[in-house]
2 protein chains.
Amino acid sequence: MTNALMSNRWVMSERPDGSVSARHFRREAVPVPIPTREQTVVRNVLVSVAPHARAVMQGDTYRLQLRAGELIPSSIVGEVVAAGSAGPAVGTLVAGFSGWEEYSVVPSSSLRAVTMPVPLPNYLSVLGLNGLTAYFGITMVGAVTVGQTVVLSGAAGGVGHIAGQVARMLGARVIGIVSSDHKADVLQARLGFDAVVNRTSTTFDEDLRTAAPDGVDVYFDNVAGPLLRRVLHQMNKQGRVVSSGATATYDVRDRVDDGGNGIIVPMIARSLRLEGFLVADFAEHWPAATAVLHEWVTSGDLIVLQAVHEGLETAPTALLDLFTGVNVGQTMVRLRPDPPFTVD
Amino acid sequence: MTNALMSNRWVMSERPDGSVSARHFRREAVPVPIPTREQTVVRNVLVSVAPHARAVMQGDTYRLQLRAGELIPSSIVGEVVAAGSAGPAVGTLVAGFSGWEEYSVVPSSSLRAVTMPVPLPNYLSVLGLNGLTAYFGITMVGAVTVGQTVVLSGAAGGVGHIAGQVARMLGARVIGIVSSDHKADVLQARLGFDAVVNRTSTTFDEDLRTAAPDGVDVYFDNVAGPLLRRVLHQMNKQGRVVSSGATATYDVRDRVDDGGNGIIVPMIARSLRLEGFLVADFAEHWPAATAVLHEWVTSGDLIVLQAVHEGLETAPTALLDLFTGVNVGQTMVRLRPDPPFTVD
């Protein structure tokens, strides 16, 4: 490492004043530091591209706003190339959280071992934070049960397309909300959603009512924004909203602040519960949930959709594309081919 | 009744286009109909004045918007003057829901008997829907426990001033949010709130942080609006918001609709739960709750604040005053003196 191994990475070049665009990203090469006793150096194979990155660029959200010059955060999967004495063996495959970079130096304790013999992209989707978010949101927060009607926004996204299938596995009637007819076709034809509604349609409210004639029991929401209020008005008494994301607000959240004007009255009138959560809340259950999800993927009951872009240079474009409505499934960027899978 | 007993009442003269003002109310006299077998005629002693009335005048909220010519809705307490064969005895004191009128003709099954020997105003406050709302909101929805920090907005209002005392009875640290220093003084000096913060102060956020240095566990919210977001940012992980009202939104709710832009991200980041409810959700527990509240009032542990205006003609002014920040406790209008209390 003393030969100054260099790592390419993407940082935020400046704080966006409004919308994020390509000029807010800067690519740079930095030397990889020698790991301390508690650190591990990971050569990344894949990094994730998720709405979370844009949220933290645009304001104080799930963490304090990113500062100029800071790494764009993301999940990572890669191979250990060096580690302090407390770390994993060189050559081990691991998953963790760092950012858009070739080499990540992270606390060894923050890494999960890649133990399932599946293609590595699964560790950034169904077996990663998004799959766990989908699983815990449907099972623990939404407490979905057989026969319920579950509606999901952002249903074609990295979390939504898995959450819908988890709800279906529990015996719910599953209705997706998406932003294009192409996405609707994919969810219905390939993933077995009972119905899919396009939120950009002028007949959205009626379309949702037709798809959910008995009302909505659980709304798994990745979008927030005005869509939330519209769905609330079709919810059954004592229904639940699982707030998993708020993509509609990441770009405009500082502009309007009415403290939920449009949603509180229907929340009261229908005795609804809205609950936010983070996947970390359920950390003790991650191994069990990962095993279940792996089983479903292996059996073919759960289909994982992924958009894998090639090359670190594509990451900013891939992120911006998330918000223009073209992506289906989990978006990620590949930096190098999957290494061979070996078990200790 | 065939002599055409007349009843004075207040109706909505026209739908308000923006804010409600005096011109949206009209007083009229109508004949009192003969009750059917299932109906009871109540000569009202008191009618309540609550934000709910303004909400239903201004839009579809807890029910469909009031139409021009319809009675302003309210809780009532009065004496039975006539009833169908299935109804209560003439002379019985009853509490129910109808509106601002001298005589109400209502389904007999909707009336509760006045059984506690207390002044009748109690049946529109602590022993009425607002007292029950306070009780169930704190105990069942908020699930407040000893040692928690509970913050209440609209803390000097009909629901809030009782809810704060219920939380204190459960061993919580209780912090009120009010709109004037006068209200703050009353809550702290007379009702034993641990702290009271004025939301109109320029130092509100710091004041709340000083009052709740360990963060907020439960927020009992009667106001919604931008205040909600500000409190959310001081809540502890996995805290609960009990949505009991949304007075800040009744006047402007149709103007801004961002589906909770400002609140969803903090709800997720802090794993918060927000739950709306109606007192009707807990109807089976009303008798038990009323007994507890009566006990606390009798023992002096719970102090009830009431503003009783004299004469039906004062009702619209009393309602508009609710939103200008002068009221403390439950507002109501007296139509006649309390009749003597008799037990069957």
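Ser74(B) touches Val47(B), Ser48(B), Phe97(B), Ser98(B), Gly99(B) and Trp100(B), leaving aside residues up to four places away in sequence. This contact list, like everything below, comes from a predicted model. The predictor assigns the complex an ipTM of 0.89 and a pTM of 0.91. For chain A, the average pLDDT is 92, and 95% of the residues score at least 70.

Ser74(B) sits in strand 4 of chain B, which covers residues 73-83. Ser74(B) counts as buried because its relative accessibility is 2%, and buried means under 20%. From Ser74(B) to Val279(B) there are 205 residues in sequence, and the C-alpha to C-alpha separation is 15 Å.

Two other residues have a positive phi although neither is a glycine: Ser271(A), at about 55°, and Gln238(B), at about 60°. Ser271(A) belongs to the loop that runs between helix 7 (261-269) and strand 13 (273-276) of chain A. Gln238(B) is placed in strand 12 of chain B, residues 235-243.

Is each of the residues Ser74(B), Ser271(A) and Gln238(B) buried or exposed? The table gives the relative accessibility and the resulting class.

| Residue | Relative accessibility | Class |
|---|---|---|
| Ser74(B) | 2% | buried |
| Ser271(A) | 3% | buried |
| Gln238(B) | 52% | exposed |

Gln238(B) counts as exposed because its 52% is over the 50% cut-off. Ser271(A), at 3%, counts as buried.

Conventions:
Residues are numbered from 1 along each chain as its sequence is written. Chains are lettered from A and ligands numbered from 1 in the order in which they are written. This is a predicted model: local features need pLDDT of at least 70, side-chain atom pairs count only at pLDDT 80 or more; totals for chains, interfaces and linings use all residues. Side-chain values use heavy atoms; hydrogens and water are left out. pLDDT is the predictor's confidence in each residue, from 0 to 100. Helices (H or I, at least four residues) and strands (E, at least two) are DSSP runs, numbered from the N terminus. Buried means under 20% relative accessible area, exposed over 50%, partly exposed in between (1.4 Å probe, protein chains only). Contact means heavy atoms within 4.5 Å.
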